[in-house]
Protein chains: 4
Amino acid sequence: MNFNFKKDIKAVVSVIGASDIDKEIEKKTIEIGRLLAINNYAVACGGLSGVMEAICKGVKEKGGITIGIIPFTEKKRANKYIDIVIPCPFSQARNVVVVLAGDICLAIGGKAGTLSEISFAWIYDKPLVALTSVPGWSSSIANQAIDDRRSDMIYGVETPLEVIDDKIKLY
Amino acid sequence: MNFNFKKDIKAVVSVIGASDIDKEIEKKTIEIGRLLAINNYAVACGGLSGVMEAICKGVKEKGGITIGIIPFTEKKRANKYIDIVIPCPFSQARNVVVVLAGDICLAIGGKAGTLSEISFAWIYDKPLVALTSVPGWSSSIANQAIDDRRSDMIYGVETPLEVIDDKIKLY
Amino acid sequence: MNFNFKKDIKAVVSVIGASDIDKEIEKKTIEIGRLLAINNYAVACGGLSGVMEAICKGVKEKGGITIGIIPFTEKKRANKYIDIVIPCPFSQARNVVVVLAGDICLAIGGKAGTLSEISFAWIYDKPLVALTSVPGWSSSIANQAIDDRRSDMIYGVETPLEVIDDKIKLY
Amino acid sequence: MNFNFKKDIKAVVSVIGASDIDKEIEKKTIEIGRLLAINNYAVACGGLSGVMEAICKGVKEKGGITIGIIPFTEKKRANKYIDIVIPCPFSQARNVVVVLAGDICLAIGGKAGTLSEISFAWIYDKPLVALTSVPGWSSSIANQAIDDRRSDMIYGVETPLEVIDDKIKLY
């Protein structure tokens, strides 16, 4: 093989969202995964179900790279679309690593765990993109600042295609 | 000495809030610290400045117990009102330990770090009390649910005295 | 109450060792716990069974203070002799916090987990005392240096009383 | 691109060792890196200097894949041969993640940090291979068991080529 990550991949996108999602969020998330892979972004996520599984499914359909940071010791507990499994058996503290593994952070819906990740992405100064067309914290908090330490905002986008366009602008 | 924690202490309250605060928040926080100690609650916090220092100042004025979970390896970096220093050099992941050290969680103002702690307290099923009379995440998020996993809310209170009354009701 | 930790307590001793031990190690460990409390040392440990439970039993017999850093989210999983429970649900990474919570580290027997804690105490520059009269890593590694970063050694002691005498010399 | 990790990669090898090494260890480590890549193993490591840099240099010479789990928040602090950077800003607790990222663990020399990683690999039931022809913990502890929880040993090997042969036997 001849793997050249730095040449082939533009950036790693940390994708965060809930572990149980409905069909509509799943469909949109898979589509975002496809677009990310086609545009040469790798994806990092929590490696389990819901948004994490849907995004990786989309990425792998297009031959992209997926990194799953799971809160267990056993690698086999990652979803089947994960290429590189990083066991981080630290309960919610694994959320810190999920965020830091990316160069950009994309929120799709999400509950309390996602809200903690949005907070960390803000603190660690990662560009933040949030999908506004699905319910959950990504739409509640889009187009807002979490606090006064940064002069930018969480950038709200409505469609999968916009995610890519805006991310490229941000990064 | 004869230390009997289980007999003397009703519960440990994790107090979360910003590391830089104005005089008004400081004054209210010190007063809450005094009331917690008088009512036999121990306090856990992040062990540094701002709300963390003010709450411990109040607690120690009344001879209470303070636990500081700091994000550094050296114990001496805790504020001077901390009795028991727990170094947790895990960057923002130390927030998980701050929340879990308490039986109840009290938010006073706060920025992105506090928002992550509120999220964790919600996930770990800790009763949550938030001071509404100061700016920051404690007032923005009071009287709301973070997501649908719990049937209760973040309980908003306006005055230091109410904190104690409501906490006793919750716990 | 009137709790004055800084005045009443000379230092915190992190005690490390196996979670399953025989009667002889248990007896010696309880005796060390009593001596530590009588001499105004607080004890930090992993908060579970074996050496962790025996040391705390001894400490509490003499009215001392115990801190238990457990690898679970629920405080109730600490042994019954723990005063202050710090949940640190980070699998083996909690060992870092166990070591850092002390000003000195005392090893009693021990398996692989204890060996990781000895390594960390060495790295974090904690004075290390190891009981040589029981089997396990504390006797295998006593009177040795782990590597060349420090000019001292892991200080081997044979009896509970010697632990106290030597620790006072070290700290 | 068309990245198929599960098909292309046999296993991930966590390589552990000191951050400052002499020319002889460096040369052997680079050679092991080349052999691992040629034989379709990916490498995980701590992502910094010394053994971590040498192993990745060898891997990248042959177009292989490297994963670096660094103890900082900023990705740019990884050595230049790392493809996938996982920031794990948890001080020595990052060692847990380094070990768990691999399916097998290979120790080359090493000091106290490496000893903690050997302990964790033992606890997490990873096959352990240790290079005996260089000084440090890998040779001190080779062909021994850390404790009685496993029936196998840390498997000592003398040459880079043996590492590959033995690892294939183990995994």
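Buried, for this talk, means under 20% relative accessible area; exposed is over 50%, and partly exposed is in between, with a 1.4 Å probe and protein chains only. By that rule F3(A) and F5(A) are both buried.

A word on the source. This is a predicted model: local features need pLDDT of at least 70, side-chain atom pairs count only at pLDDT 80 or more, and totals for chains, interfaces and linings use all residues. Residues are numbered from 1 along each chain as its sequence is written, chains are lettered from A and ligands numbered from 1 in the order written, and side-chain values use heavy atoms, without hydrogens and water.

Now the rings. Phe, Tyr and Trp rings (Trp by its six-membered ring) pair if their centres lie within 6.5 Å; planes under 30 degrees apart are stacked, over 60 edge-to-face, the rest tilted. There are 12 aromatic pairs over all chains. One of them joins F3(A) and F5(A), tilted, at 6.0 Å centre to centre and 40° between planes. F3(D) and F5(D) have centres 6.0 Å apart and planes at 40°, so that pair is tilted. F3(D) and F5(D) are buried too. F3(A), F5(A), F3(D) and F5(D) form one aromatic cluster.

Which residue touches F3(A) and F5(A) from chain D? D83(D) does, with contact meaning heavy atoms within 4.5 Å. D83(D) sits in the loop between β3 (66-70) and β4 (84-87) of chain D; strands here are DSSP runs (E, at least two residues), numbered from the N terminus. D83(D) is buried, at 7% relative accessibility. Its contacts beyond four places in sequence also include K60(D) and G64(D).

Technical notes
Helix = DSSP H or I, 4+ residues; strand = E, 2+ residues; numbered from the N terminus.
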